[in-house]
Amino acid sequence: MTDTPNPIRHVQVGDFRIGNDLPLTLIAGPCAMESREHALDMAGSLKELTEKLGINFIYKSSFDKANRTSIRSNRGFGLDNALPVFREIRETLGLPVITDVHTEEQCRLVADSVDVLQIPAFLCRQTDLLVAAAQTGKPVNVKKGQFLAPWDMKNIVEKFDYCNNPNVMLCERGVSFGYNTLVNDMRALPIMAETGCPVVFDATHSVQQPGGKGTASGGDRRFVPVLARGAVAIGVAAVFMETHKDPDSAPSDGPNMVRFDQMEAVLEQLLEFDHLAKAAH
């Protein structure tokens, strides 16, 4: 860690700001968009819950799971089908929306329908993709690759600054540890915070077991609240947490998604930890 961290940055999303010294933001939703009806149901349920708890919320879902383990795996709802649904969620529910982009062309196409772009972990060093995302002017959440050291994320921030887009968030989602296993080095959170950028902790992908089922990824959702509490106690800007009302039947990442009926209890604890962690600010 350096003795002179950069000034804290705040990222504006919708009508609230995200920062390491500000109240916790939640990024949540099902891993993959399944249908318009399912997306609206999940977004509406999460809106009701987060308004009850008083927590800032960004709805998340992916239109394409481009890095599935098997060629036979379901890729998702598709770009053309998903964009109208994202717009409907924004317009009818008043929620900001985040989704993954995988190509330079997608950045331009998606930017008009969502509030935040997300760079998947495997693509975090793809300079042309990062530049295309930055040039949309949208806030961007960059997931740290499972292969990347936290101190190397400053180079990603530099790419955004070069494009005159300071609205970048850095997301920790575990590092590879042997085969089919991820671990979290909690030192990564304060190290990435030295950039000044908001730090996001991805609690559900951190318990993923990549390729752990041979032709699909496994995971263990029991440990999501444990890791989330640890990250929030250190002090982060946001928690990323995928959720589903029936995760065991979800088409993607079911083993590591939190059951929706458990979300309220998990979030109540996280808000208490967040209050303590940021009491000095």
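In α5, the buried residues include Met153, Ile156, Val157 and Phe160. They span an arc of only 100° around the axis, which puts them on the same side of α5. That arc is taken from the directions from the helix axis to the C-beta atoms. Buried means under 20% relative accessible area, exposed over 50%, partly exposed in between, with a 1.4 Å probe and protein chains only. Helices (H or I, at least four residues) and strands (E, at least two) are DSSP runs, numbered from the N terminus.

A word on the source. This is a predicted model: local features need pLDDT of at least 70, side-chain atom pairs count only at pLDDT 80 or more, and totals for chains, interfaces and linings use all residues. Residues are numbered from 1 along each chain as its sequence is written, and side-chain values use heavy atoms, with hydrogens and water left out.

Back to α5. What do its buried residues pack against? They pack against α4, β7, β8 and α6 (188–193); contact here means heavy atoms within 4.5 Å. The face turned away from the buried side carries the exposed residues Glu158 and Tyr162. Just after α5, asparagine 164 takes a positive phi of about 60°.

Now the strands. β7, helix α5 (residues 153–162) and β8 form a right-handed β-α-β unit. Right-handed means that, with the strands pointing away from the viewer, the path from the first strand over the helix to the second runs clockwise. β7 and β8 (residues 168–172) pair in the parallel sense over four bridges. Two strands pair if DSSP finds at least two bridges between them. Valine 140 in that pairing stands opposite valine 168 in β8. On its other partner, β7 pairs with β6 (residues 116–119), also parallel, over three bridges.

Look at β7 itself, residues 140–143. Val140 and Val142 point one way, Asn141 and Lys143 the other, and all are buried.

Next, arginine 9. Its place is in the segment before β1 (11–13). Its side chain makes a polar contact with the side chain of aspartate 161, at 2.9 Å. A polar contact is a pair of N or O atoms within 3.5 Å; within protein, one must be able to donate a hydrogen and the other to accept it, and residues adjacent in sequence count only if both atoms are side-chain atoms.

Last, the core. The largest nonpolar core has 66 residues, and Val142 is one of those touching the most other members. A nonpolar core is a set of buried Ala, Val, Leu, Ile, Met, Phe, Trp, Tyr and Cys residues joined through side-chain atoms within 4.5 Å. Helix α1 (residues 36–53) gives the most to this core, with seven residues.
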